[in-house]
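Hello,

Please find below the structure I promised to pass on. My notes on it follow.

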Protein chains: 6
Amino acid sequence: MKMSARNRLPGTITEVVKGEAAAKVTLQVGDNHMVALITRESADELGLEVGKQATALVKATDVMILTDEGVA
Amino acid sequence: MKMSARNRLPGTITEVVKGEAAAKVTLQVGDNHMVALITRESADELGLEVGKQATALVKATDVMILTDEGVA
Amino acid sequence: MKMSARNRLPGTITEVVKGEAAAKVTLQVGDNHMVALITRESADELGLEVGKQATALVKATDVMILTDEGVA
Amino acid sequence: MKMSARNRLPGTITEVVKGEAAAKVTLQVGDNHMVALITRESADELGLEVGKQATALVKATDVMILTDEGVA
Amino acid sequence: MKMSARNRLPGTITEVVKGEAAAKVTLQVGDNHMVALITRESADELGLEVGKQATALVKATDVMILTDEGVA
Amino acid sequence: MKMSARNRLPGTITEVVKGEAAAKVTLQVGDNHMVALITRESADELGLEVGKQATALVKATDVMILTDEGVA
């Protein structure tokens with residue numbers, strides 16, 4: 001299977017918080033944290049839990065760019 | 001300034017491709033590549049170019065999760 | 001009224017799950033299921049409930065493409 | 001700091017509804033209301049509450065266009 | 001017709017830039033500018049052009065929040 | 001591999017329009033058309049072309065709901 005989504009960041013799940021409809025999943029990806037807000041249904045079906053390996057996937061249209069224009 | 005967007009991944013720009021309306025910007029973020037599709041206007045205004053430091057920013061609602069269920 | 005959003009998929013609501021802030025709505029669209037995560041406010045105001053006709057609407061920038069490269 | 005996200009709409013928070021994983025935040029922006037569905041974590045960390053000044057931020061790829069073709 | 005998308009900001013088109021696949025559309029909405037990146041197909045079909053009335057439409061899950069923690 | 005993205009709509013590619021940075025891909029999915037705006041890079045790498053089988057993939061947070069309140 002090939003996917004158009006450009007961004008795949010493999011990591012380890014460090015937190016899962018489940019609400020009724022939504023769930024928040026946090027991953028450690030290298031030196032960064034990544035947070036995903038998905039349906040609770042997905043979190044249940046994928047059996048997401050702390051310590052499990054998982055990959056954060058992001059479509060290129062959803063990535064913004066910040067630059068830090070240092071002030072002298 | 002504080003921002004609700006949960007995901008910030010600092011890196012270095014490795015490619016900028018500009019169309020009329022859109023632009024594609026690629027960053028090296030640790031061991032991963034990240035690709036952003038933004039307006040060309042943004043790419044021009046921020047002066048994005050190869051070698052410049054920049055941060056990829058992603059809202060948590062735009063992050064999906066993949067798991068790899070290995071089959072023995 | 002005309003809308004730039006390219007994708008409209010008419011169907012029937014098969015499930016509504018309401019949390020405090022978010023709600024999950026599932027539609028049967030032809031042979032496919034479609035799941036939407038929206039605000040609970042929207043689900044209440046539109047009176048979404050099982051059996052009601054509704055249309056899933058998706059902006060083209062939010063559609064990804066998968067291909068299945070079969071290996072012989 | 002400069003940001004590629006094109007749309008910034010300053011306003012005043014008029015409602016915050018927190019669920020377990022998600023939170024809904026409503027702002028008054030000029031004559032319009034804007035509603036954001038973010039993680040509860042963000043709402044807590046930014047200390048979002050009614051009456052506080054805040055800015056709604058939207059990436060250009062997430063903006064759709066409606067036109068009203070009046071029928072004579 | 002009722003729509004779950006919470007955010008509708010009526011304005012006037014001030015710029016349209018068309019590429020092959022994408023188009024950028026700018027609106028004046030009260031005191032703010034809003035920029036949309038849509039398909040060129042949409043821009044053509046809706047006949048978007050400078051001076052025309054149009055409404056920017058944004059799903060709540062695509063709105064982020066910024067706060068400005070002023071330092072005295 | 002399992003994926004949190006809830007919506008997968010299999011179909012056949014009916015059009016591919018490539019710009020410099022972006023590409024528009026149209027699929028026939030049952031009785032509906034689906035249009036995706038992705039990076040040109042993705043369209044090239046996946047070898048997307050008319051007549052090829054492909055699946056449209058959409059995250060639940062990106063699906064809106066319309067209802068048609070008929071007026072008697």
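**Symmetry**

Chain F can be laid on chain E by a turn of 120 degrees and a shift of 0.0 Å along the axis, with an RMSD of 0.0 Å. That is how a three-fold axis relates its copies. Here the copies use different surfaces: 17% of the contact residues of chain F recur in chain E. Please keep in mind that this is a predicted model.

Chains A and B follow another relation. A rotation of 180 degrees superposes chain A on chain B, with 0.0 Å of shift along its axis and an RMSD of 0.0 Å. The two are thus related as by a two-fold rotation axis. Which C-alpha of chain A is nearest the axis? That of D62(A), 3.2 Å from it. Chains A and B meet through the same surface, because 100% of the interface residues of chain A are also interface residues in chain B.

**The interface of chains A and B**

In this pair, 34 residues of chain A are in contact with 34 residues of chain B. The area buried between the two chains is about 3000 Å². Carbon and sulfur atoms give 66% of that area. Three residues stand out on the side of chain A: L57(A), I65(A) and L66(A) supply 21% of the area that chain A buries against chain B, more than any other three residues.

How many salt bridges cross between chain A and chain B? The rule finds zero. Polar contacts do occur: eight residue pairs across this interface make them. Several strands of chain A take part. Strand 4 of chain A gives the most, with seven residues.

**Salt bridges**

Side chains of opposite charge can pair when their charged atoms come close. Over all chains, the count comes to 36 salt bridges.

- R6(F) forms a salt bridge with E41(A); their closest N and O atoms are 3.0 Å apart. The pair crosses between chains. R6(F) sits in the loop between strand 1 (2-3) and strand 2 (7-18) of chain F, and E41(A) in helix 1 (residues 40-45) of chain A. R6(F) is buried, with a relative accessible area of 15%. E41(A) counts as partly exposed, at 22% relative accessibility.
- K24(F) and E41(E) meet through their side chains in a salt bridge, at 2.4 Å from N to O. K24(F) lies in strand 3 (residues 22-29) of chain F and E41(E) in helix 1 (residues 40-45) of chain E, so the pair joins two chains. K24(F) is buried, and so is E41(E).
- D44(B) forms a salt bridge with R40(B), with the closest N and O atoms 3.2 Å apart. Both lie in helix 1 (residues 40-45) of chain B, four residues apart, about one turn of the helix. D44(B) counts as partly exposed at 38% relative accessibility. R40(B) is also partly exposed, with a relative accessible area of 29%.
- R6(A), E15(B), K24(B), E41(F) and E45(F) are linked in a network of salt bridges.

**A sheet built from several chains**

Strands of a sheet pair through backbone hydrogen bonds, either parallel or antiparallel. In this model, six strands form an open sheet in the order 1(A)-6(C)-5(F)-2(F)-3(F)-4(F). The pairing is antiparallel. Which strands are at the edges? They are strand 1 (2-3) of chain A and strand 4 (32-39) of chain F, each of which pairs on one side only.

Look also at the chain A end of this sheet. Strand 1 of chain A and strand 6 (residues 64-67) of chain C pair in the antiparallel sense over two bridges. The bridge partner of M3(A) in strand 6 of chain C is L66(C).

**One loop residue**

Last, a glycine. G51(A) is found in the loop between helix 1 and strand 5 of chain A. At 47% relative accessibility, G51(A) counts as partly exposed. Leaving aside neighbours within four places in sequence, G51(A) is in contact with T12(A) and I13(A). The C-alpha atoms of G51(A) and A36(A) are separated by 16 Å, and the two residues are 15 apart along the chain.

Best wishes

Notes: Residues are numbered from 1 along each chain as its sequence is written. Chains are lettered from A and ligands numbered from 1 in the order in which they are written. This is a predicted model: local features need pLDDT of at least 70, side-chain atom pairs count only at pLDDT 80 or more; totals for chains, interfaces and linings use all residues. Side-chain values use heavy atoms; hydrogens and water are left out. Copies are superposed by least squares on the C-alpha atoms of residues with pLDDT of at least 70 in both. Contact means heavy atoms within 4.5 Å. A salt bridge is a side-chain nitrogen of Lys or Arg within 4 Å of a carboxyl oxygen of Asp or Glu. Buried means under 20% relative accessible area, exposed over 50%, partly exposed in between (1.4 Å probe, protein chains only). Two strands pair if DSSP finds at least two bridges between them. Buried area is the accessible area (1.4 Å probe) that two parts lose on being put together, summed over both. A polar contact is a pair of N or O atoms within 3.5 Å; within protein, one must be able to donate a hydrogen and the other to accept it, and residues adjacent in sequence count only if both atoms are side-chain atoms.
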